[in-house]
Amino acid sequence: MTIDQIILFTLFGAVFGMLLWGRFRYDLVAFAALMIGVVLGVVPTKDAFSGFGHPATLVVALVLIVSAGLVRSGAVYLITRTLVDTTRGLGGHIALMGGIGGVLSAFMNNVAALALLMPVDIQTARKASRAPGLSLMPLSFATILGGMATLIGTPPNIIIATIREESLGEPFKMFDFAPVGGITAIAGLAFVALIGWRLIPSKADSTNTADEFASYIAELTVPEDSKHIGKTVAELDEVAEKNDVAILGLIRDGKRLRGLSKTRTLKAADALVIEASPEALDEFRAALSLDFADERREELLRADGAGLNVIEIVVTDGSRLNGRTAQAVGMSWRRRAILMGISREGRAIKSQIRQTPLKPGDILLVLLPDGTEADATDWLGCLPLADRGLSVTQDNKVWVAIGLFAAAVIAASLGWIYLPIALGIVVIGFVLLKIIPIREVYDHIEWPVVVLLGSMIPLGAALETSGGTELIADGLIDLTTGLPAWAILTVLMIVTMTLSDVLNNTATTIVAAPIGIQMAQSLGVNPDPFLMAVAVAASSAFLTPIGHKNNTLILGPGGYSFGDYWRMGLPLEILVVGVSIPAILVFWPL
């Protein structure tokens, strides 16, 4: 093993370890590794930033903008609103929403597809008086599966196509993934709709009514003129029970009082820490004439002359709030919004809510002026959980947007135009037609993913150039000596799938794809089956909430815990391997 290989293996080991730890965001970890690689001389200086101009990076960014344009045109919303029926049974609803999600995620970013459909699914669950947890995991899995069917459906496919171009001279085309990815997706969707949802833990159904799908830890303060000053906390229990509220503690002078708080005497400006649903929270506040935790901000809001509204939003991986507190972000003074409560996997949050670092999947209850909901949600980088009441915003441009996108897909599929160029033309068209305002174009790009790709691609190339991928490939072949090529293909797929369950699928693909090519060359067989196996496996992250962003997004809204995913995810991953390996051997022979 050479010095360069040792350094690169150490760097990749450190990257994977840091990604598993989760203390620092993946883009910072990858970029830091790239800089270290350049300084140590294992990545040539002239290639340091080549990943940022790489076709895979550009396509991922352009797909996100195109996805936003399809949503803004009203095209996608029109489809979902036309087909969704709240009277449909749970199995039928899961099948329909999964089908819609699968088709949408084949042609738009699968995270964007879930972001669009999740509020619809939750609202449907509320109207049908059932727990959203029964349908959100199937929806997440369906949008992940659908992305396997086309080149632009998921970043791993885009990366695989460009790596094939660099290594073998020609990229995969738009629908080259469809025979294997499409069949696998259909089989997976059938499993999810018919069997999989029945495997979700029964505790996801513990909230029998949709209005109670989330309990919040919130703070309500005692006003200066309150008639309850001088009473003990225990004297409020009767009102609390009547309004289905649990009083958890008392905060005084910014500090949580230790021990039993039931015997404490209330003083002005004390804050009651309570657990309640959004409706119960407001009823309890009104019954006792209490204030929100930030009563001065509430007065300022009301002074504007506008009404107030309460919304529920979920923190995403790319949110401003991820890893930060509402106070640190300036949520109150920047967006005139009050954080009223936090729901995190049903666990009580002991510290003050505005000083609690937030995590992806947390559901927030936010008070803000009427008409500012969309702007505040977008600024925070969160997703709304209620029906957003959207209309077809550009109804006269729906078919123009669909036609422009379809023309680009067809042209790229037939080889008439290079895919990044085709998508770039669509973006220009959306801007000129005012489907997407030019000032918002860059807002739709997920910059951490761009930085991750731009950083990992030069590192992956350096690993391949140094002979590191050949070393790994030879090691895997040695471990599988005597097995037929299809069995070795299966081993590669299982290893890739396992990595994808705990690591970012983009990073997994960048490492696994060159290894697959090297394994095929060592065996003297066609490398395409190995690339297809890596593509499907990298997208099959169903065991944990951290393997794919979609699984993280549903964690809080669905009321799931970390260990809930494998119940449906493990048989689904086994099914994916069982279906995709024969399909690969048929459509991409060794």
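1. The axes of helix α16 (residues 398–413) and helix α17 (residues 419–432) come within 9 Å of each other and cross at roughly 165°, the axes being lines fitted to C-alpha atoms over the stretch in contact, with angles running from 0 to 180 degrees between N-to-C directions. The two helices are therefore roughly antiparallel, a term for angles over 145 degrees. The contact (heavy atoms within 4.5 Å) is made by A401, L404, F405, A408 and A412 of α16 together with L419, A422, V426, G429 and F430 of α17. These residues divide into 9 nonpolar, 1 polar and no charged, with Gly counted among the polar residues.

2. This is a predicted model, in which local features need pLDDT of at least 70 and side-chain atom pairs count only at pLDDT 80 or more, while totals for chains, interfaces and linings use all residues. Residues are numbered from 1 along each chain as its sequence is written, and side-chain values use heavy atoms, with hydrogens and water left out.

3. Helix α20 (residues 485–502) has 18 residues and spans 27 Å from its first C-alpha to its last, close to the 26 Å expected at 1.5 Å a residue. Its buried residues (under 20% relative accessible area, 1.4 Å probe, protein chains only) include I488, L492, M493 and M497, and the buried residues of α20 pack against α21 (505–523), α22 (528–538) and α24 (565–587).

4. A234 is found in the loop between β1 (216–221) and α10 (237–242). With a relative accessible area of 36%, A234 is partly exposed, the class between 20% and 50%. A234 and T265 are 31 residues apart in sequence and 9.2 Å apart in space, C-alpha to C-alpha.

Key
Helix = DSSP H or I, 4+ residues; strand = E, 2+ residues; numbered from the N terminus. Expected span 1.5 Å × (residues − 1). Parallel < 35°, antiparallel > 145°, perpendicular 65-115°, else oblique.
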